[in-house]
Amino acid sequence: MSKKILIADDEQNIVISIEFLLRREGFEVLVAGDGEEALAKVRTERPDVVLLDVMMPKMNGFDVCQALRADPDLGGTRILMLTAKGRDTEISKGLGLGADGYMTKPFSTKELLAEVRKLLGI
Amino acid sequence: MLEAPVVICLSLAYLGVLFAVAWWGDKRADAGRSIIASPTIYALSMAVYCTTWTFYGSVGRAAVSGIGFLPIYLGPTLVMALGGFLLLKMIRIVKANRITSIADFISSRYGKSHLLGGLVTIIAVVGIIPYISLQLKAVTSSVSLLLSYPDIVMPDHSTTMSLAEDVSLYVALILAAFTIVFGTRHLDATERHEGMVAAIALESAVKLVAFLSVGIFVTYFVFNGFGDIFEHAESDAGLQRLMTAIPSGGGYTNWLSLMILSALAVLFLPRQFQVAVVENVNETHVKRAAWLFPLYLLLINVFVLPIAFGGLLHFADQGVDADTFVLTLPMSQRHEGLTLLVFIGGLSAGTGMVIVETIALSTMVCNDLIMPILLRYKALGFEDGRDLSFVLLGIRRGAIVVILLLGYLYFRLAGEAYALVAIGLISFSAVAQFAPAMIGGMYWRGGTRGGALAGLGAGFIVWTYTLLLPSFAKSGWLPDDFLTHGLFGVELLRPQQLFGLTGFDEISHCLFWSLLANIGAYTGFSLLRPPMAAEAAQASVFVDALKGIGPVGAAFWRGRAQVSDLQGLVGRFLGPARAKTLFSAYAKRRGHADGVISEADAQLVQFAESLLAGAIGSASARVMVASVAKEEPLSIDEVMHILDEASQLRTYSRELERKSRELTAATLELQEANERLQELDRVKDDIMSSVTHELRTPLTSIRAFSELLRDDPKMHLADRERFLGLIVSEAERLSRLINQTLDLAKIESGRADWNSGELDLSEVIEQSVAATSELFREKGTFVELDLPEGMPPILADRDRLIQVLLNLLSNAAKFLTPNEGRVRVSLRRVPGALEVSVADNGPGIRPEHQEVIFEKFRQVGDTMTAKPSGTGLGLPISRRIIEHLGGRLWVESVPGEGATFRFTLPLAVVEEENPLPEPIPAWGG
């Protein structure tokens, strides 16, 4: 069974590129355009990994991360934060809130795949 | 009820009360809780100025010369109101140098000269003794008047003299005892008498109450108010002459000279110097006294004229002396209580003056006359180290008795020879001789001992010749030939028309010639030679007294001394136990915790000298200290050098103060600047963070697509083309972002180029709408225009304006619902400007976001499913452009009903303002 991955980002073109990349590698891909949608989709679809953008409408990535970690049912969901803000404080904030990994935009597609695989334990 | 025993008992009881107050005051002072530390007490104590001469004599003078009594009180009022600085400076000098009397002050100023101190003392004693006898006389005659009650019998030689002699002798002796107890309780390093001051303040209050009471009684009970008395007086031929402002000949000159005389007296009379300067506990009290004391003088003068007129009307041709009206008017009305109150008031006025004056004079006689003589002839035997404090106290007590007995003697001799007022003025004229040496000494560095001696001597001689001797002659003690024919028959030397000067009264005449001689000799002799070392040193201590740091006495001393010698010396005058306490307190102040000081440096020598100065006067203290210390005299050059250094130090310290103020201000400014910088730094950080975020976002897409294309050469052609297209558009977004960031930075920093010219706004709008028509066509709509004809031109940069319009139009296009959108651009005239509006019927903007959208990188996207495209810089740039052009850009919106962006631009030519047209309705309104 292929692993399910949710991409949560409001930048259309970034979503397109990551979606293409992950599908090509054989993952099942879901997409959310804002924080609230992302949270809802995690609850209903139970993806294995969430790629979470920080700057999103309605609910930012940090809040989504916090909400996910507060839900014991979702403990197995891996979270990889993706953000264009590369400051150290933001990285530690994300990890502090329970994210499993952190990548700064722009990222290398190979590294992104490697990170996703590592989180999935493949 | 007014029999002798009653009067005597009452008088003694009153003195007993004073005694108790004084005793209590001293006790409290010893306990460190002063009862006189109040400006009101200070002002009341200054009212010792008002003696029986005021209490009884003002009415007498008013009965002769109308308001001629007034200048005696106007002078002090002016001095207190305008001359506070003079008093303040004297207080500072006295405190800093432990000066004990006016003789000590002058002697100290001119190089601690014994000769000068002695001369001042002699002038003071000779000048003041008649004044003291005047008090004895007034008190005595009030007693004898009282004893003849209910008859009013003028005291004269034949009937009451024997009694009067006894009374005045007793009065003198009682006062001497009182003065001795409170004036010379112990020798003090500051020569202050708190108990005495408290008693004097009480006396001032009592005499004021008494005088006001009799004034009110005469005005409102004997007569029917001021108006009544003055009406009566006006209808009386004899009184009419008193009603003119300046009645007698020589008018204004005499007034002026009386004012000058009394102004000098209130500062330099020994008793005034004592209460106002030596006894001052806090120099801020001077401020309150500056109006309280004149107020006191005003109050005590309010009823003088009514009483004088009342007395003249009441006792017309009965031979009652006007000097007694204050007492005889209540007596004539059989008002015993008031009569006794007035008597006590007069007693207060007399005793107050005598006590303070005698203390001041006895200090001067002891320190400046007798001590120097004893020192010179080594009569004190100070080689054998005896405790001399009792000797000193003995001298002072003896001086008090002698002075009062001299007063009594003068009273016996002069008797009825001269009116009260004249004697007072003779004393005033004598102390006026101190003025040049005092004032010159405080403000002129060039004054010398020789000058002061010459001035005082010349003034004193002229005073004696023109005023004292004629008064003797008028009393019949001297042949009065020289009065009418001049000394040795020389007409020019007639003492009261000296060198043919006429038209003045005798007081003005004396004041003129004596002060002329005094000032002339003082300045003339001072200019003869430059000040010597000791004079220059003291001149600087006095003249610079108010300047904060100046050279203190210690700066002018060089030599060697033993601590034990100094302490022993002080002990001999103040008592060994007291000296020990003072020295160990000094040691503790200097940082020797054990109270033991081992080395006698210049400061300790100075300290010992100032302690001695408080007890025996500065000149004698100088001599005594020199006797135990091995001194090396300073040359005038060295003194000048010290003074130069001191003045440099002063300049330097002022410079330092200024610099320190500037530094404080600079630090504050720096702090503010730093805070601003930090704020700017935070803003810059935020902007940098936003900019990098905005840059990274398109870069992320570009990199991802590029890598996908690179890694998959066999990608479908359609995907390949789609990805390449996205790469290109993201790259365009990136360059747009960079351009706009730079553009905004340029506008904000003021480095943007502006090509302003007169523009037809309609034409610019049409051009912009044409450029964006494709955007609207894609959304299935077009832009409606409402551009009235004949709008005046505006002054603006065409390209920038088009940039704003394109931004607003493309924003409108971005949020339009396809095929349902409507956009309308309107132009209208507002006062002094044109207003453009761009209205759409898109989703609108929530009120809380209507300002946020004008901030950098603040796209408001959370109401929509997707983030709006664009850089987030369009509106901030547009607003800055419009503001630069002198207009305003804002948005009005109801969410769900669309948004209307409006901006104004000022007209190129300011015209008359037209009435405001109806506002253009926004869409959906």
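Chain B meets chain A through 19 of its residues, which are in contact with 20 residues of chain A; contact requires C-beta atoms, placed from the backbone, within 7 Å. This is a predicted model, where local features need pLDDT of at least 70, side-chain atom pairs count only at pLDDT 80 or more, and totals for chains, interfaces and linings use all residues. Residues are numbered from 1 along each chain as its sequence is written, while chains are lettered from A and ligands numbered from 1 in the order in which they are written.

**Side of chain B that touches chain A**
- Helices α29 (636-711) and α30 (717-749) of chain B each supply at least two residues; helices (H or I, at least four residues) and strands (E, at least two) are DSSP runs, numbered from the N terminus.
- The largest share, 12 residues, comes from α29(B).
- By class, this side has six nonpolar, seven polar and six charged residues. Ala, Val, Leu, Ile, Met, Phe, Trp, Tyr, Cys and Pro count as nonpolar, Asp, Glu, Lys and Arg as charged, and the others, Gly among them, as polar.

**Sheet in chain B**
- Five strands form an open sheet with mixed pairing, in the order β4-β6-β7-β9-β8 (chain B); pairing takes at least two DSSP bridges between two strands.
- Its edge strands are β4 (783-786) and β8 (889-893) of chain B, each pairing on one side only.
- From one strand to the next, the twist averages 20°. Axes are lines fitted to C-alpha atoms, for helices over the stretch in contact, with angles from 0 to 180 degrees between N-to-C directions.
- Strands β6 (823-830) and β7 (833-840) of chain B pair antiparallel over eight bridges.
- B:R824 has B:A839 in β7(B) as its bridge partner.

**Helix across the sheet**
- Helix α33 (798-814) of chain B lies across β4, β6, β7 and β9 (899-906) of chain B.
- Helix α33 of chain B runs at about 20° to β7(B).

Key:
Two residues are in contact if their C-beta atoms, placed from the backbone, lie within 7 Å.
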